[in-house]
Amino acid sequence: MIRRTITSHPGLAIAASVLFAITIAALLAPLISPFDPLAFDRERRLTGPSADHLLGTDRYGRDQLSRLLYGARISLGVAAGSVGVALSIGATVGVIAGYFGGKIDHVLMRIIDVLFAFPPLLLAIMLAASLGPSARNAALAIAVIFLPVFARVARSTTLIESSKPYAEAVQLMGARKTRIMGRHIVPNITTVLAVQASIALAQALLLESALSFLGLGPQPPAASWGSILGDGRVLLGLAPWVTISAGATITIAVLALFMLGDGLSNLLDPRSRR
Amino acid sequence: MTRYIVRRVLGGVATLTALSVLVFVALIAIPGTIVGSTLGAEGASDSEIAKQLEATYGLDRNVFVQYFDWLWGVIRGDLGESWRSGRPVSDVILERLPLTIEITIGAIFVAIIIGVPLGAIAAKRQHTFVDHGARIAALLGAAIPVYLTATLVLLVGSENWGWVPPTGYVAIWSDPIENLATVITPILILGFSSAASILRMTRGAMTDVLSQDFVRTAEAKGLRPMRITIRHGLHNASIPVLTVLGVEAGVLLGGTVLTESVLSLPGVGRLVVDAITQRDYPVVQGTVLMIAGMFIAINILTDLLYGLLDPRIRLEGDN
């Protein structure tokens, strides 16, 4: 079964292994980093990639590879944290609005509409600025962006599920509403939410890097991929490897998440099965 | 139709009002005020001067008074004055808006030109080399951060040809060539990144449409494949594609913040970021309200276009 999935969905398999590798590398950063990511080395400022420093050093002589490994913890942490918060709150709101309908639905959806009226990055910038620049606040700002997305998806799928015969059947059997929602509706909408979550993770990673790039993310010496890229931009002509390696890392991770989302939706959608 | 438009516009105004409260609260929450950043740490401790400044900016008033005073101004078309330059906020925005609008429209145009044909071709030749190639290109376009592309364009251009993109803005009607030279780089960068989602949506919608009975009928009638793709396929696939376009417009309006910052262009996007760092709240409020208003207007327009593209769609409240 697993082997068949891998051979028929090579993109999904590649994406999943890349993400697995990045996650492991982030978790094991203190063990596998060749250098201390914060250690200055005056002798080796802005040296290009070499056997010692595989990805070169930055303007303080800090090892770029180690910085990216540690940066992964912040970047992935912010992305996962924000999507986690947005998913749990957004999906709850969406299921409740979709299942009960009426006034609750109306009020909740109007609030969601207001959040939707902001261009996403603009809202994130404003929230991150007003909460004060830090990794945690960037995560909160990004969570607010994705909340309405999950709420809408959860609401529309709940509307479809709760009108299906099985949902009506359990209702006629006298099940309590909370039980119907928790035991019957939620398990049936998780696949849709999972696809949405992997796409949201990719976008969250991009948003986090954009906020950090603008200086609204983690503050130095802590650095995420986006802030490393932003740092490198100043010295672009002198040390392009800093910008390029950070940029490539972000792109690979985002690409893998997009491919995971695509792969999952193909795998879970029976119509597209070949 | 008129009833529908009136209802949507009223809804949009209500959303904007709610949004203005949100912006107001968010700005009050930003640590540090203009008084602190003007006087510096030393000056701020001198409470006499600080009080005077607070009075000048009206910050000593009740928060509700501050909000309704501002709102009353907005209703009369007065967005207040910049705390930094003292100029009317509406003037500052109007001066910067053309560039951002030009970039956004240009980028959407580029995204459509790349995304729609490639998406249609990918749908017709599913699971072939062309299809996979287009999808990989699209994924890359979406995955590479726009500020990275902009940075790399700067790097490659200046290293190899000593080229530095123009940073000033010349109105299109006063010097079209100079104008194009300024906007072409951000347009291409943003257009490429947005092409991805339009390609994906076009491919998906076209796949659905092309598998339907009326397409088989058209083929059986012996219509030319090109005609089937365009008249039967793209026409029917246009609704979901239009939806994505509306969403992308918002993404692009945000994306201009980044490209304008990297390429140092004097657009609205950079205006917001600068105003936030300088604690110039009237400018932030005015600009955010303006951008959100444009985004809401775009979404109403796309909904109206649905009805034009597909006569079967009856807009709610339209008898």
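Analyst: What follows covers the interface, a salt bridge and a surface patch.

Analyst: This is a predicted model, in which local features need pLDDT of at least 70, side-chain atom pairs count only at pLDDT 80 or more, and totals for chains, interfaces and linings use all residues. Residues are numbered from 1 along each chain as its sequence is written, chains are lettered from A and ligands numbered from 1 in the order in which they are written, and side-chain values use heavy atoms, with hydrogens and water left out.

User: How do you know which residues take part in the contact between chain B and chain A?

Analyst: Contact means heavy atoms within 4.5 Å. By that rule, 41 residues come from chain B and 38 residues from chain A.

User: What makes up the area buried between chain B and chain A?

Analyst: Buried area is the accessible area (1.4 Å probe) that two parts lose on being put together, summed over both. Here that is about 3300 Å², and carbon and sulfur atoms give 80% of it. On the chain B side, Leu139(B), Ala143(B) and Tyr147(B) lose the most area to chain A, together 16% of what that side buries.

User: Why is the pair Arg200(B) and Asp262(A) called a salt bridge?

Analyst: The term needs a side-chain nitrogen of Lys or Arg within 4 Å of a carboxyl oxygen of Asp or Glu. In this pair the closest N and O atoms are 3.1 Å apart. The pair therefore meets the rule. The count between chain B and chain A is one salt bridge. Over all chains the count is seven.

User: Why does the pair of Asp262(A) and Arg200(B) join two chains?

Analyst: Asp262(A) lies in helix α11 (residues 240-268) of chain A, and Arg200(B) in helix α8 of chain B, so the pair joins two chains. Helices (H or I, at least four residues) are DSSP runs, numbered from the N terminus.

User: What makes Phe109(B), Ile113(B) and others a nonpolar patch?

Analyst: Patch residues have over 30% relative accessible area and no salt bridge; nonpolar side chains (Val, Leu, Ile, Met, Phe, Trp, Tyr) are joined within 5 Å, like charges within 9 Å. Accessible areas come from the Shrake-Rupley method with a 1.4 Å probe, and for residues only the protein chains shown count as cover. The patch includes Phe109(B), Ile113(B), Val130(B) and Phe192(B), and its members have about 770 Å² of accessible area together.

User: Which helix gives the most to the nonpolar patch?

Analyst: That is α5(B), with five residues. Helices α5 (89-124) and α6 of chain B each supply at least two. Val130(B) sits in α6 of chain B.
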